[in-house]
Amino acid sequence: MRILALAFLGGVLLSLQLSALPERQALWAGLLCLPWLLRGPWVLRLAAGLAAGMAWTLWQAHLLAANALPAELEGRDLQLQGYIAGLPEPRQRGVRFLFEVDQLSLDGETRRGPRRLRLAWYQAPPSLVAGERWHLTVRLKRAHGLANPGGMDYERWLFRQGIGATGYVRPYGNQRLAEADHAYVLQQWRQRVRDALRELLSHGPFAGIVLALTVGDRSAMDPEHWQRLTATGTNHLMAISGLHIGLVAGLVFLLTRNLWRRLPLLPLYIPAPQAAALASLLAGVLYAALAGFAIPTQRALIMLAVILLGVLFRRPLAPSQGLALALLLVLLWDPLAAVSAGFWLSFAAVAAIFYTMGGRLRPGGWWWRWGRVQVVLALALLPLLLSLFQQASLVAPLANLLAVPWMSLLVIPAALLGATLATFLPDLAQPLLQLAELGLQGLWWLLGWLAGLPFAVWHQSLSSGWVLAATVLGVIWLLAPRGLPGRALGVLWLAPLLLLRAERPATGEAWLHLLDVGQGLATVVETRRHTLVFDTGPRFSADFDAGEAVIVPFLRQRGIHSLDRLIISHGDNDHRGGSASLRRAMPVADVISSVPHKLPGARACRAGQQWSWDGVRFEILNPDAAMARHGGNDASCVLRVSNARGALLLTGDIEARAERHLLARPGMLTAQVLVAPHHGSRTSSSAAFIDAVAPRWVLFPVGYRNRFAFPRPQVVVRYRKRNIGILDTATSGMISVRLTRAGVQPPVSYRYSQPRFWRNRFEAAGPEPQQHSERF
């Protein structure tokens, strides 16, 4: 079983590295391996498990890929008939919801399209209820996400959820409510519970947390709450998964077993352990249903079923066999679970506990053993946390030592009982929910104190895959059972983690990374020992901006934890929207901007400012006094980065007026790479300016299918006529350029250099960028 499960997992992981799906007929070859799975030499079983894992994963991927939106339907007014398929999520400017499509038509003609959509309804949407059938007019686009190292892979998330397109309801379309469908009775019940809880909680400070713990709706959680939970390593408490379902099932098991033993006759027919196993499994299913059978709850339910079915049929499994069986069943149910952080963290945590229980967790009292478990988990999960999130909480053992029992014994039971009674006995539910909030209030003070400690969070990136492998080996060695000689030598395997850093430019070189932040601009420039950020992209909403979602994860993935200079070219949201989040996340030594009054502690950028870092020259070319008085886009800071062999030019949002002004100094404009002025608007990139810069490549920082239609076609033609290479972030993702001592190397597209079968390929404004396997 162990060999089969690990081999199957290996096949799943191999398939997830493919850039494109093979023909479906080729997957039938995996069936030829099935006879070898249960018999034969272990080498053949290993190979058969590997092939079966690949075949099963790719088969499931084909089913999901068939749900994609055809490119010709993008941006068209489509008529849909279908159902609200989940809990509607109120947002700042409207509501977001899942929609199951029964029929899709264009101009009255039924067309093939995706089955599941993620839609937004802006401008005074109606009160939506799960299960309602609607006729909607919408505009859709293919699944598309920001593509940057270190950030969330939104396209992968959509693919795994079976969502074939995203879009919005047209404000002037024929929107019509038809009826409700009892097929969505579970979601309707969840929404009734959620609405009742919201009314009883009266928007209290911890209402979002109570909703997350009961119905699995985390949309109302405050970003500040997430930051505190992440800093203390307790954010796992907000995802209904193994801990929560195991807690409910365990409590029901103990209560049922003790009560069953006291009943006459029944224990003679059904022994108490078997009755308790059935009851606890039912309780786990009900809790998972209340959470909407979200993917983490499905995984937890499968793991719980493996344990309880062993009790029910009196066939208990050895811990490693049970874990292997649970792993295999989870991957059979959802092979793409292997792309989620929760999958790795949950299985690694259970494996670490089993691995260390051999001899070192037995002595001492309950609190002593529980404390040692927390230390073991913190060390065991360290490589995964650093690999997945570039950070780990150093106060997590202490925080979880107290938070897990407090939540398990007080907050979660009170919240669940309150949720159970909320729809039909609200007067009884109210004090239970108040008790849960009171428990959270007490815990919150402790978590706030721990999160405020200067050493609470360790930010560290893993510079390469072999460093991750060495770190995992070192942790396994350190946690080995008592009696193994030389356990302390495991520390040596952790040395690469502590000593090695991500590659940096050589002296006299600079690396530019034009990040994919949607419709906006954010650029990182690295030299040997310095880092500069030019603009920080947009702020999309009160709880989501490019600084926190893109720039900070990228910098931490690069091993950068402070900035030498931040330049905000001008005051538009799409250029400075992420600055506050960036400055909260890491220290910034200096801030300059054309709008210093909008940025605390900033000073003005002015033409003529220059400095040198590690043999690389930086010059501010705009605005001078005249352009500064003019204000607006033409007052944008313009930065030229150069060495003896080449130059890069970052232009902000300057338009034709500022371009003409800069032409008075033509020799200062020459650059091999130009970040296009004003995203390629028709009011910029004049012919004279392009000729003065004479770039080999132009980079357009634009959002996919942005409402401004940037870059404008006439601007693209202007560059093409001069045989200038064209790339844009919407189709290329992050674009990286290296200014070396030998000259400027061709730009590298993150989307093209890291292809995966769940990522769509989009038509670029110019020729495809160079593909490159090197990771920046």
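Which helix gives the largest share of the lining of the second largest cavity? The model shown is predicted, so to speak of local features takes a pLDDT of at least 70, side-chain atom pairs count only at pLDDT 80 or more, and totals for chains, interfaces and linings use all residues. Residues are numbered from 1 along each chain as its sequence is written, and side-chain values use heavy atoms, with hydrogens and water left out.

**View 1. An open sheet of seven strands.** The order is S19-S20-S21-S22-S23-S24-S25, with mixed pairing (strands are DSSP E runs of at least two residues; two of them pair if DSSP finds at least two bridges between them). S19 (610-613) and S25 (725-728) sit at the edges with a single partner strand each, so one side of each has no neighbour in the sheet. Neighbouring strands are turned by 20° against each other on average, direction ignored (axes are lines fitted to C-alpha atoms). Zoom in on S24 (residues 697-700): four bridges join it to S25, and the two run parallel. Here phenylalanine 700 stands opposite aspartate 728 in S25.

**View 2. The second largest cavity.** It holds about 40 Å³ of space (a cavity is a set of points on a 1 Å grid where a 1.4 Å probe fits but cannot get out; lining residues have an atom within 4 Å of a point). H10 gives the largest share of the lining, four residues. Helices H10 (295-312) and H11 (319-333) are the elements giving two or more residues (helices are DSSP H or I runs of at least four residues). Among the lining residues are Arg160, Gln298, Trp333 and Asp334.

Notes. Axes fitted to C-alpha atoms, helices over the stretch in contact; angles between N-to-C directions. 1 Å grid on protein atoms, 1.4 Å probe; cavity = no way out; pocket = protein on both sides within 12 Å on 5 of 7 lines; lining within 4 Å. Points joined across faces, edges and corners; volume = space filled by probe spheres on them.
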